[in-house]
Amino acid sequence: MTRIASRRLATLLALTALSPLPAAASSAPSPILTTPEARDVLSYAEPATARVRHVDLDLAIDFDRQVIAGTATLDLIATRAAKRIVLDGLDLDIATITDARGRALTWSWGAADDYKGAPITVEIGTARRIVIRYATRPDARALQWLPPELTLGKAKPYLFSQGQSINTRSWIPTQDSPGIRQTWSARVTATQDLRVAMSAEAQTQGCKPASPGRRSFCFRMDNPVPPYLIAMAVGDIGFRPLGPRSGVYAEPAMLDRAAKELSDTEKMIDAAESLYGAYRWGRFDVLVLPPSFPFGGMENPRLTFATPTIITGDKSNINVIGHELAHSWSGNLVTNATWSDSWLNEGFTTYFENRIDEAVYGKERAATLADLGWDDMQRDLAAAKPEATRLHGEPEGTAGQLDYYKGSTFLRTIEQAVGRARWDAYLKSYFDRHAFQPQTSAGFLADLRRNLIGDDAALEARLQLDDWVYGTGLPSNAVHVKSATLARIDADRARFEAGAPARSIDTKAWSTQEWLRFLDRLPRRQTTARLAEIDEAYALSASPNPYVRNAWLQLAIGNRYEPALGSIEDHLTHNGRILLIAPVYRALMKECEWGTAIAWRIYGKAKATYHPVTRASIERTLGKGRAAS
């Protein structure tokens, strides 16, 4: 039996063994994968026995206590012999669990793990709908509660969630695994002066009113999604349309800048559809969050969350929006079944993002971004242990950003081998075949062999598929796209290294990407005088562009350039995006007592402004640095 036939049979058996569902859950359940490589070691769920197919939330936001409280009603699908369901939970305060008629069900917490949380085992008997009354805690890992002073408007508080990868379990009791897709609905109440936005279609009809002084907001997502894509934000949020099916949400003071920067969003949607088929989520709106958001973007369906760091005034960083849009196919439509295969989300999306950039902004801009990605990949490969460079491997992906850049280089290598037209036709059909389903590396390779390679042994050998997915390092056939723009920057840098004055290099029209190429490739050892010359000529310590400042500060720290200390503190206390602050903390921790003292002092001031995910990341860096010193 072939691998793909085995996988399909396992999935079919898992589905057909399950008993019918209640009528309230409207759509057919998404399939699950039951092959060994699809087992999610980061979830306690036993989905082949009993799983969640729909979540209905009725929640109230309490900024004073920093808790969300209410009910989660779960529609289940289970084998006829199933007596229990196992959910994932993390620091939730559960009051009761009942069946649909209000009859108490027996339930218990299992042994807890600091990272995974704990299993919630519910004895369901014949119940196929359960109601959990619960509350979150103020330190819930998915939630960040911002006081007014940490928002742009500084008048009202703000709350947002971040579910990826396994944080949804800290605010919703469900089976928190990307391979267990669920439809969902919600009614959320907040004070009258705040707006609730969620990653689903807003429901204006039939939304139960709230008590006096509060407002209700209702939402519904009829497409089954992995739980990490259930997202919410609450605050002083305005809206501006960008096109017939796109718009931007942001604090009122940010709306004009954000709408101007994101004005090409509708063009991106058109370009994406022309490549790989219809956009299946209705709307593509973007919510620009306060600076503490830990990521560049989060691809929540219908409502991408975005960092304000991409609003740089020159559109040079809105490839982030192209990336999150591309996730509407790779990640949201076809999802990695476990986080060991996160490259199926991020590598595919990085490749697709680059194709969107090419369609909207031209081949040279796409080449510039791809060439920089190659640089990032080489740095990660050099720094990582070999086993952490496998695309399929660790429970939460590869080292650094290899999921993104090694994964996208793999797909680009296939494109060059088979030709773009053939490759695009395959990818479009792949997304159609696996729409709203989970996927594994083994499943993708089997699909590729069946629907693209066929019996072409020479092509199979040339592609080195298994080496790419299961091997370490970079296979010998990797395609490196080179940028003429960056080649010109390299020539400028060579002149500078040869002694040309900093002011002799014209940088006025440089994009973010050109600055990064110049700074990242400068020799790591510089004299204080040369650094002062660079800083004076280009005003890098005062740069309003956080990408440029991040690259500059790493160079400055590596040479203990003390005039940059104020810039370091400003950068780390006004940004919460991990990509832009973690490298600065790592650079500080490499500088022994000098840098360690600075890092801990600044972190003490900045900690309260960081998302829990960011704090965990930075504290790992600080802890490792302290142990090393």
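**Cavities, a pocket, a helix pair and a sheet**

A search of the whole structure, which is a predicted model, finds 3 cavities of 30 Å³ or more.

User: Which elements give two or more residues to the lining of the second largest cavity?

Analyst: The second largest cavity holds about 40 Å³ of space. Among the residues that line this cavity are Val334, Leu344 and Tyr430. The elements that give two or more residues to the lining are strand S20 (334-336), helix H5 (343-361) and helix H8 (420-433).

User: How many charged residues are in the lining of the second largest cavity?

Analyst: The lining includes Phe348 and Phe431, together with Ser330 and Asn345. By class, 5 residues of the lining are nonpolar and 4 are polar. The number of charged residues is given as no charged residues.

User: Which residues lie nearest the centre of the second largest pocket?

Analyst: About 800 Å³ of space lies in this pocket. Helix H2 (252-261), H15 and helix H16 (565-574) are the elements that give two or more residues to its lining. Of the 33 lining residues, those nearest the centre are Leu152, Pro291, Pro308, His574 and Asn575.

User: How many residues of each class are in the lining of the second largest pocket?

Analyst: The second largest pocket is lined by 33 residues. By class, this lining has 12 nonpolar, 12 polar and 9 charged residues.

User: Are helices H15 and H17 roughly parallel or roughly antiparallel?

Analyst: Helix H15 covers residues 546-558 and helix H17 covers residues 578-589, and their axes are 9 Å apart. The two helices pack at an angle of about 5°. Angles under 35 degrees count as roughly parallel. The angle therefore makes H15, relative to H17, roughly parallel.

User: How many nonpolar residues are in the contact of H15 with H17?

Analyst: On the H15 side, the residues that meet H17 include Tyr547, Leu553 and Ile557. On the H17 side, Leu580, Val584 and Leu588 are among those in the contact. By class, the contact has 2 polar and no charged residues, while the nonpolar residues number 10.

User: Which strands stand at the edges of the open sheet of 3 strands?

Analyst: The order in this sheet is S3-S6-S5, with antiparallel pairing, and the twist averages 20° from one strand to the next. Each edge strand has a single partner strand, so one side of each is left without a neighbour in the sheet. The edge strands are S3 (84-89) and S5 (107-109).

User: Which residue in S6 stands opposite Ser108?

Analyst: S5 pairs with strand S6 (residues 118-123) in the antiparallel sense, over 3 bridges. The residue in S6 that stands opposite Ser108 is Thr121.

Definitions and conventions:
Residues are numbered from 1 along each chain as its sequence is written. This is a predicted model: local features need pLDDT of at least 70, side-chain atom pairs count only at pLDDT 80 or more; totals for chains, interfaces and linings use all residues. Side-chain values use heavy atoms; hydrogens and water are left out. Axes are lines fitted to C-alpha atoms, for helices over the stretch in contact, and angles run from 0 to 180 degrees between N-to-C directions. Helices (H or I, at least four residues) and strands (E, at least two) are DSSP runs, numbered from the N terminus. Angles under 35 degrees count as roughly parallel, over 145 as roughly antiparallel, 65 to 115 as roughly perpendicular and the rest as oblique. Contact means heavy atoms within 4.5 Å. Ala, Val, Leu, Ile, Met, Phe, Trp, Tyr, Cys and Pro count as nonpolar, Asp, Glu, Lys and Arg as charged, and the others, Gly among them, as polar. Two strands pair if DSSP finds at least two bridges between them. On a 1 Å grid over the protein atoms alone, a cavity is a set of points where a 1.4 Å probe fits but cannot get out, and a pocket is an open set with protein on both sides within 12 Å along at least five of seven lines; lining residues have an atom within 4 Å of a point. Grid points are joined across faces, edges and corners, and a volume is the space filled by probe spheres set on the points.
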